[in-house]
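This report examines selected side-chain and helix geometry in a single model. The sequence and coordinates are shown below for reference.

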Amino acid sequence: MRRRPLGGPVVAFVLSLVPLTGACTPNQPDMEEDSVGTSGGDAEAVEAQLAQRISDYLEVLTVHRDADVAREYYTEDAKLVGPGMDMDRPSLVEGMRGTFEAGVQVQVDRRTIEVFVHGDVAYEIAQAEDVFLSPDGATADTLRNNMFIRWERGEDGEWRFDRALLNPINAAGQ
């Protein structure tokens with residue numbers, strides 16, 4: 001992922017999370033390396049691994065529609081937090097299962113903005129637009145979110161979602 005300056009609500013959202021995550025420290029003198037000291041080559045490899053995991057995960061959700069397989073993309077104690085939402089791994093899986101069983105189709109447009117790597121932990125800033133189509137195709141609900149995701153690499157070498165913080169994007173203003 002290319003480094004580029006962020007602006008507006010994304011910056012405000014991310015800056016409000018920095019003290020909670022430990023993703024970077026103030027007065028970091030050398031910004032040539034990732035904010036937590038992983039060399040550029042290692043960071044690029046991790047970014048490629050994360051991009052592949054995300055692609056595989058989205059295929060599980062949108063093509064295969066398999067909640068049990070999707071569960072394997074989360075750590076055991078994964079959490080998804082957003083306005084009015086605080087879900088753990090079991091409730092995430094049940095939510096997916098219910099959506100798939102109801103015949104709702106999911107379309108996802110997701111882009112990574114930035115990745116910070118620190119050993120077996122990575123932090124991703126991303127945006128997503130999720131469209132949920134009713135079984136008859138007559139109605140659609142759209143959710144747009146800025147996301148801050150904490151990834152963990154397991155002992156098996158696979159990257160998994162550990163924490164995801166969602167901040168809704170105002171449809172008209174952003």
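Predicted model: local features only at pLDDT ≥ 70, side-chain atom pairs only at ≥ 80, totals over all residues.

## Aromatic pairs

A pair of aromatic rings is described by the distance of the centres and the angle of the planes. Six aromatic pairs are present in the structure. In one of them, Tyr 123 and Phe 148 have ring centres 5.9 Å apart and planes at 20°; because planes under 30 degrees apart count as stacked, the pair is assigned to that class. Tyr 123 belongs to strand S4 (residues 121-133) and Phe 148 to strand S5 (residues 140-153), so the pair ties together parts that are 25 residues apart in sequence. Tyr 123 has a relative accessibility of 6% and therefore counts as buried. Phe 148, at 4% relative accessibility, also counts as buried.

Another pair is formed by Trp 151 and Phe 161, with ring centres 4.3 Å apart and planes at 35°, so this pair is tilted. Trp 151 is located in strand S5 and Phe 161 in strand S6 (residues 159-168); the pair therefore ties together parts that are ten residues apart in sequence. Both Trp 151 and Phe 161 are buried. These two residues also belong to a cluster in which ring pairs link them with Tyr 57, Tyr 73 and Tyr 74.

## Helix H4

Helix H4 (residues 89-101) contains 13 residues, which at 1.5 Å a residue should span 18 Å; the end C-alpha atoms are 18 Å apart, in agreement with that expectation. The expected span is 1.5 Å times one less than the number of residues.

Which residues of H4 are buried? They are Arg 89, Leu 92, Val 93, Met 96 and Phe 100. These residues cover an arc of only 95° around the axis, and therefore lie on the same side of H4. Pro 90 and Glu 101, on the other side of H4, are exposed. Just after the helix, Gly 103 adopts a positive phi of about 85°.

The side chain of Asn 146 makes a polar contact with the side chain of Gln 127, at 2.7 Å.

Notes
Residues numbered from 1 in each chain as written. Heavy atoms only, no water. Phe/Tyr/Trp six-rings, centres within 6.5 Å; stacked < 30°, edge-to-face > 60°. Helix = DSSP H or I, 4+ residues; strand = E, 2+ residues; numbered from the N terminus. Buried < 20%, exposed > 50% of the residue type's maximum accessible area, 1.4 Å probe, protein only. Arc of directions from axis to C-beta. Polar contact = N/O pair within 3.5 Å; in protein donor to acceptor, adjacent residues only side chain to side chain.
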